[in-house]
Amino acid sequence: MNTIIEFLAEPFQYGFMARAFLGVSLIAVLAGVVGSFVMLKGLAFIGDAIAHASFGGLVAAMLLGVPLHLGALIFALGTAAGLTLLGRKAGLRADTSLAILFTGAFALGVLGLATRPSFTGDLTALLVGSVLAIQPLDIAWILAAALITGAVMAVAFRHLVYISFDPSGAEAAGVPVAGLQWLLLSLVALTVVVSLQAVGVVLVVALMITPAATASLFVRRLEVLMALAVACGLAATWIGLYASFYLSTPPGATVVTVATLQFTAGLILRRLRRR
Amino acid sequence: MAPGHPRLCVEVQDLTVGYEDRIVLRDVNWAVPCGTSAAIIGPNGGGKSTLLRTLIGQLRPIKGTVRVLGRPPAQARHLLAYLPQTEEIDWQFPIRVIDVVLQGVLARTPWWRPPGRDARTAAMAALERVRLAGEAERPIGALSGGQRQRALIARALLQEAQLILLDEPATGLDAPAQHELLDILDDLKREGRTVIATTHDLNCLTDHFDTVLCLRGRVICQGPPEEALKPEHLQAVFGRHVPLVTAEGRVTIFEHHH
């Protein structure tokens, strides 16, 4: 018994591990809620693209000496707004507007980076993320994003469901569809930006999509799907971080691997249940 | 309002409308009295959906005026319900039938307030009306095509919509489901609501619709079905001969492809 407790408590003797557990757990909750919409509406590519677009903002923030999160957030929200506008006004296909916007913003980042070669190391860390380097300030950003998302969901959850299910019917009935679409994309942008430092561009997409996809194998009601997605995300986070601590594997990648294994197990389980 | 001059629920004058790169409809003049039903027929691309989307304020007229329930479309939204073509809806989205119906109160309740007991009672009553009370807790995606349409009509009832616009509601339904749907549309009209539907099914027109509007980039014919559905009109609308017989005021079409 004691050995189990010791086994579980050991990582928390290190401040960086405690911050990693707290930070990534918060991200798992946030990503589970936002990711459920992202997964259901096929917006996974948008999450990825917004993450890449925010890279331009990171570089701009570095060059200007302003907080990195702020630069990334402005670029990410700008991409979200640009997507909503281009889709409605220019009549472009969503993936076309997306590709133009995010590659443009990403290219700006690369150009900016070329002017200051010494930044390369820092930015690589942001692209890949470094779970063990999460600072209290990062956790504050994640917590703020989670609170904002919670507030939005408390007020507009049923509206977001309406526009996801039947956008034309909702618009005809007077629901502000464009504003809500922008709001949803902004939540995606916010989630991506506050998670960048911890898990990086690629892994944040995995934390949004994979747990929600696992949950969708088993439930047919959005509220339950979100709760299960959060639970899967938290389980993947904790199992992954313990595994990473004891096996000395890269923490972010370990968490995502566990999430992927969860999904695989879910697929097998569902098939067995159907027999 | 003096008798003989029914109030108009839809009034379209000299309407020209389309998209950035092309005009779809020209010079449309059309009126639908309140409490009647109107069918819009015509070939694909003839402008049926475009006209509906103008009525709900999604498209702005290039020329001419549109009045819905006596006001500009954007100001009539709380009084109208629009059922888009079935493929525009994400039926796999994980919500229950009752949640779909409750969307009917969203636009007129404050954002932060969840639907109360009154709304739930009204939603169940609306489901009862469209004979779906037993399906309230099921996922919307588990329903058949006809049941899905009826669930959306229940949502329109909860919204207390005076004007109900349906874009090809009967497409993809088998004959019994079509009849069930048309019977419900008849009920809506009997309550004084106005029903406008686009359709490819020409045989339902005489029994279920007061007027027909035939569109092919412009108005080819309009009026009561037995007057509008003349062979020469149908030839002009569909660009080919449509065999039909008229007996006892009822028009029957023998074959129809589009």
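Start at Y19 of chain B, which stands opposite R22(B) in strand β2(B). This is a predicted model, where local features need pLDDT of at least 70, side-chain atom pairs count only at pLDDT 80 or more, and totals for chains, interfaces and linings use all residues. Residues are numbered from 1 along each chain as its sequence is written, while chains are lettered from A and ligands numbered from 1 in the order in which they are written.

Back to that pair. Strands β1(B) and β2(B) form a hairpin with two residues between them. β1 covers residues 8-19 and β2 residues 22-33 of chain B; they run antiparallel, joined by eight bridges. Strands here (E, at least two residues) and helices (H or I, at least four) are DSSP runs, numbered from the N terminus. Two strands pair if DSSP finds at least two bridges between them. Chain B as a whole averages a pLDDT of 90, with 93% of the residues scoring at least 70.

Now for the sheet in chain B. It is open, has six strands in the order β5-β6-β7-β3-β8-β9, and its pairing is mixed. At the edges sit β5 (80-83) and β9 (219-223) of chain B, each pairing on one side only. From one strand to the next the twist averages 10 degrees. Within the sheet, β6 (residues 163-167) and β7 (residues 194-198) of chain B run parallel and share five bridges. One bridge to look for is that of I164(B), whose partner in β7(B) is V195(B).

α5(B) touches β3, β6 and β7 of chain B, and its direction makes about 145 degrees with that of β7(B). Helix α1 (residues 48-55) of chain B lies across β3 (37-41), β6, β7 and β8 (211-215) of chain B, running at about 150 degrees to β6(B). Angles run from 0 to 180 degrees between N-to-C directions, and axes are lines fitted to C-alpha atoms, for helices over the stretch in contact.

α5(B) also has a helix partner. The axes of α4 (residues 145-158) and α5 (residues 175-190) of chain B come within 9 Å and cross at roughly 15 degrees. That makes α4(B) roughly parallel to α5(B) (angles under 35 degrees count as such). On the α4(B) side, G145(B), G146(B), Q149(B), R150(B) and I153(B) meet A177(B), E180(B), L181(B) and I184(B) of α5(B). By class, that contact has four nonpolar, three polar and two charged residues. Ala, Val, Leu, Ile, Met, Phe, Trp, Tyr, Cys and Pro count as nonpolar, Asp, Glu, Lys and Arg as charged, and the others, Gly among them, as polar.

Over in chain A, look at helices α9 (residues 177-216) and α11 (residues 251-274), whose axes come within 9 Å and cross at roughly 20 degrees. That makes α9(A) roughly parallel to α11(A). By class, their contact has nine nonpolar, seven polar and no charged residues.

Finally, how do the chains meet? 24 residues of chain B are in contact with 22 residues of chain A, contact being C-beta atoms, placed from the backbone, within 7 Å. The chain B side has 15 nonpolar, four polar and five charged residues. For the complex, the predictor gives an ipTM of 0.90 and a pTM of 0.90.

Methods
Angles under 35 degrees count as roughly parallel, over 145 as roughly antiparallel, 65 to 115 as roughly perpendicular and the rest as oblique. Two residues are in contact if their C-beta atoms, placed from the backbone, lie within 7 Å. pLDDT is the predictor's confidence in each residue, from 0 to 100.
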